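Please open the structure in a viewer and keep the sequence at hand.

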Amino acid sequence: MTPSDTAVPADTREALLEAALACFARYGYEATSIRLVASMAGKNASLISYYFKGKEGMYREVFRYLLAHFAAKSPDLGPEDGAAFPDGRSRLRAHILWVLREVDAHRDASDPLREPASRLLLSEIQSPRHEVKDLLQAHLEPFVREGRACIQALRPDLPPADVDFWGITLHGACVHHALMSEVHHMAWDSVDPSPSLEAMADRLADFAYHGLQSC
């Protein structure tokens, strides 16, 4: 039976994607071959060529798989209508908590995908490949849209370039605090090593709110 005779079973597809993730994370895109992935998965290389249309398609599907995997682990706390909040400060705090929880979904130490996913995502964040740029943009778009809306609600006078600057600064602070708590505790020894996300959101919202009011 050839690949064209039947659809690939879900467990076969998952085995190929997880083997590809491990290879891309360990060896990088250029050094990873279809044959290497097939060997690690214990599958026929023809399955990769047929179902993923080659290495580029496989790389793209690895990212789809990762985004879906972590989305399932993250609480569904997407942006609400601005009218649902009593004021702009509350909306800003809700947005910050949403970003923190999204980042926290990637920190589960029991998740076998955590380490290779972190390596691969860090590589893409630093230098995105054309195969996955649209996937990353689509994933980030709701966060960017709501971040802009929060800042514009608090400072409608800011020009678009300043809104985006403060949005990048805000999201950078959220990611930095959520991902680097252990390093922060080493360097800043009196800081709480494991603050709750809610407490972190409160402090970051206060900081961002006062900063936006004074800029």
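This is a predicted model: local features need pLDDT of at least 70, side-chain atom pairs count only at pLDDT 80 or more; totals for chains, interfaces and linings use all residues.

**The whole chain**

The chain has 10 helices and zero strands. Its C-alpha atoms fill a box of roughly 65 × 40 × 30 Å along the principal axes. Of the 215 residues, 36% count as buried. Among contacts with a separation of 6 or more, 74% are between residues 24 or more positions apart.

**The nonpolar cores**

Select Phe24, Val62, Phe63, Leu66 and Leu120. In the largest nonpolar core, which has 28 residues, these five touch the most other members. Helices H1 (10-27), H2 (34-41), H3, H4 (55-73), H6 (114-126) and H7 (133-154) each give two or more residues to this core.

Now centre the view on Leu120. Which residues is Leu120 in contact with, leaving aside its neighbours within four places in sequence? They are Leu21, Phe24, Ala25, Tyr59, Val62, Phe63 and Leu66. Another core, of 23 residues, lies apart from the largest one; Leu92, Trp98, Leu197 and Ala205 are among its members.

**Helix H3**

Select residues 45-52, which form helix H3, and show the side chains of Leu47, Ile48 and Phe52; these three are buried. Turn the view to look down the axis of H3: the buried residues fall within an arc of 100 degrees, so they line one face of the helix.

Next, inspect the two ends. At the start of H3, a side-chain oxygen of Asn44 comes within 2.8 Å of the backbone nitrogen of Ser46. After H3 comes Lys53, which has a positive phi, near 60 degrees.

**Glu102 in helix H5**

Select Glu102, which is placed in helix H5 (residues 88-104). Glu102 is buried and has no salt bridge. How far away is the nearest side chain of opposite charge? That side chain belongs to Arg101 and is 10 Å away. Not counting residues up to four places away in sequence, Glu102 touches Ser74, His139 and Phe143.

**Salt bridges**

Side chains of opposite charge can pair when their charged atoms come close. The whole structure contains 14 salt bridges, and several of them may now be visited in turn.

Select Asp134 and Arg60, whose side chains meet in a salt bridge of 2.7 Å, N to O. Asp134 belongs to helix H7 and Arg60 to helix H4, so the pair ties together parts that are 74 residues apart in sequence. Asp134 is partly exposed, at 38% relative accessible area, and Arg60 is partly exposed as well, at 22%.

Move to Asp206 and Arg89, which form a salt bridge with their closest N and O atoms 2.7 Å apart. Asp206 lies in helix H10 (residues 197-214) and Arg89 in helix H5, so this pair ties together parts 117 residues apart in sequence. Asp206 counts as partly exposed at 35% relative accessibility, and Arg89 is partly exposed at 31%.

Then select Asp157 and Arg155, whose side chains meet in a salt bridge of 2.6 Å, N to O. Are these two partners buried or exposed? Asp157 is exposed, with a relative accessible area of 52%, whereas Arg155 is buried, at 10%.

Definitions and conventions. Residues are numbered from 1 along each chain as its sequence is written. Side-chain values use heavy atoms; hydrogens and water are left out. Helices (H or I, at least four residues) and strands (E, at least two) are DSSP runs, numbered from the N terminus. Buried means under 20% relative accessible area, exposed over 50%, partly exposed in between (1.4 Å probe, protein chains only). Lys and Arg count as positive and Asp and Glu as negative; His and the chain ends are not counted. A salt bridge is a side-chain nitrogen of Lys or Arg within 4 Å of a carboxyl oxygen of Asp or Glu. Contact means heavy atoms within 4.5 Å. The arc is that of the directions from the helix axis to the C-beta atoms. A polar contact is a pair of N or O atoms within 3.5 Å; within protein, one must be able to donate a hydrogen and the other to accept it, and residues adjacent in sequence count only if both atoms are side-chain atoms. A nonpolar core is a set of buried Ala, Val, Leu, Ile, Met, Phe, Trp, Tyr and Cys residues joined through side-chain atoms within 4.5 Å.
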